[in-house]
Amino acid sequence: MTTSQTILLFITSYVLGAIPTGYIVGRLHGIDIRRHGSGNPGTANVYRTLGKWAGLITFAVDFFKGFVPTIIAAHYFLLPGTADFSRGHWWIPVTAGALAISGHIWTVFLNFHGGKGVATSAGVFAALLPLPTALAFAVFLAVVALTGHISAGSMSASVALPIFCFILAKDYQRPFTILALCVCILIFYTHIGNIKRIISGKELSFKHKTEDKDRQAAENEKKN
């Protein structure tokens with residue numbers, strides 16, 4: 001690929017990442033998702049506010065926003081099996097993935113206030129290192145099942161990912177492990193508010209919408 005094609009890839013990576021999926025899904029349901037729940041236009045808040053299918057659609061689109069540009073970059077620029085980073089052009093898929101994640105978190109379409117980067121990061125690393133990503137996703141599911149908090153699962157998976165990458169990555173894939181470590185730090189940064197709510201016991205459960213309905217039904221039953 002030429003320099004101009006590389007630049008086009010990078011621009012496309014950011015723009016794809018910047019598509020505000022959760023906001024669009026919310027608008028299709030007649031609401032501004034930023035005015036509901038946690039106010040974040042990401043998968044977790046869409047799931048809690050609009051239900052399972054809306055949340056799954058948001059996650060899927062956000063996932064592929066990271067996966068597509070990264071897999072294209074890896075296909076054209078990475079030379080598997082070589083430890084020569086200059087020949088492998090490892091920095092191009094890394095940059096494409098990083099730009100997709102950045103676009104999601106700092107989307108130009110919502111005044112640079114987007115999601116928290118979890119689903120898009122998962123897409124990026126599914127393209128770069130699928131096995132470590134699958135193991136990190138298993139950690140995510142286990143922690144969410146234990147705590148009831150998507151944020152806790154996301155942060156736990158972000159810690160597990162660079163560990164699994166370090167253990168399982170081949171020599172020529174080491175830069176991807178560094179990216180995973182940077183993403184872990186970024187995920188914790190975007191979850192500062194969640195961390196504070198977890199400490200204070202005010203963090204919303206992923207069952208928040210159902211719990212609200214059950215609480216309202218109980219209150220109505222008492223009134224009757």
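How many disulfides does the structure hold? The structure holds zero disulfides, a disulfide being a pair of cysteine sulfur atoms within 2.5 Å. The views below come from a predicted model, in which local features need pLDDT of at least 70 and side-chain atom pairs count only at pLDDT 80 or more, while totals for chains, interfaces and linings use all residues. Residues are numbered from 1 along each chain as its sequence is written, and side-chain values use heavy atoms, with hydrogens and water left out.

View 1. Helices (H or I, at least four residues) and strands (E, at least two) are DSSP runs, numbered from the N terminus. Of the 224 residues, 46% count as buried, where buried means under 20% relative accessible area, exposed over 50%, and partly exposed in between, with a 1.4 Å probe and protein chains only. Among contacts between residues at least 6 apart in sequence, 66% join residues at least 24 apart, and a contact means heavy atoms within 4.5 Å.

**View 2. Cys-184 is in no disulfide.** The nearest cysteine sulfur to that of Cys-184 belongs to Cys-182 and is 9.7 Å away. Cys-184 is buried, with a relative accessible area of 10%, and Cys-165, at 0% relative accessibility, counts as buried too.

**View 3. Helix H1 (residues 3-18) packs with helix H6 (residues 91-105).** Two packed helices are described by the angle between their axes and the distance between the axes. Axes here are lines fitted to C-alpha atoms, for helices over the stretch in contact, and angles run from 0 to 180 degrees between N-to-C directions. The axes of H1 and H6 come within 6 Å and cross at roughly 30 degrees, which makes H1 roughly parallel to H6; angles under 35 degrees count as roughly parallel, over 145 as roughly antiparallel, 65 to 115 as roughly perpendicular and the rest as oblique. The residues that meet include Phe-10 and Tyr-14 in H1, and Trp-91 and Leu-99 in H6. By class, the contact of H1 with H6 has nine nonpolar, seven polar and no charged residues, where Ala, Val, Leu, Ile, Met, Phe, Trp, Tyr, Cys and Pro count as nonpolar, Asp, Glu, Lys and Arg as charged, and the others, Gly among them, as polar.

**View 4. Helix H4 (residues 52-77) also meets H6.** The axes of H4 and H6 come within 8 Å and cross at roughly 165 degrees, and the two helices are therefore roughly antiparallel to each other. Among the residues in this contact are Asp-62, Lys-65 and Phe-77 of H4, together with Ile-92, Pro-93 and His-104 of H6. The residues of the contact divide into eight nonpolar, four polar and two charged.

**View 5. Helix H2 (residues 21-28) packs with H4.** The axes of H2 and H4 are 9 Å apart, at an angle of about 150 degrees. Thr-21, Gly-22 and Val-25 of H2 take part in the contact, and the residues of H4 include Ile-57, Val-61 and Asp-62.

**View 6. Ser-154 and Ile-163 both have their place in helix H9 (residues 150-168).** Ser-154 is buried at 6% relative accessibility and touches Val-118, Phe-140, Ile-187 and His-191, not counting residues up to four places away in sequence. Ile-163 is partly exposed, with a relative accessible area of 45%, and its C-alpha atom is separated by 8.8 Å from that of Ala-180, 17 residues apart along the chain.
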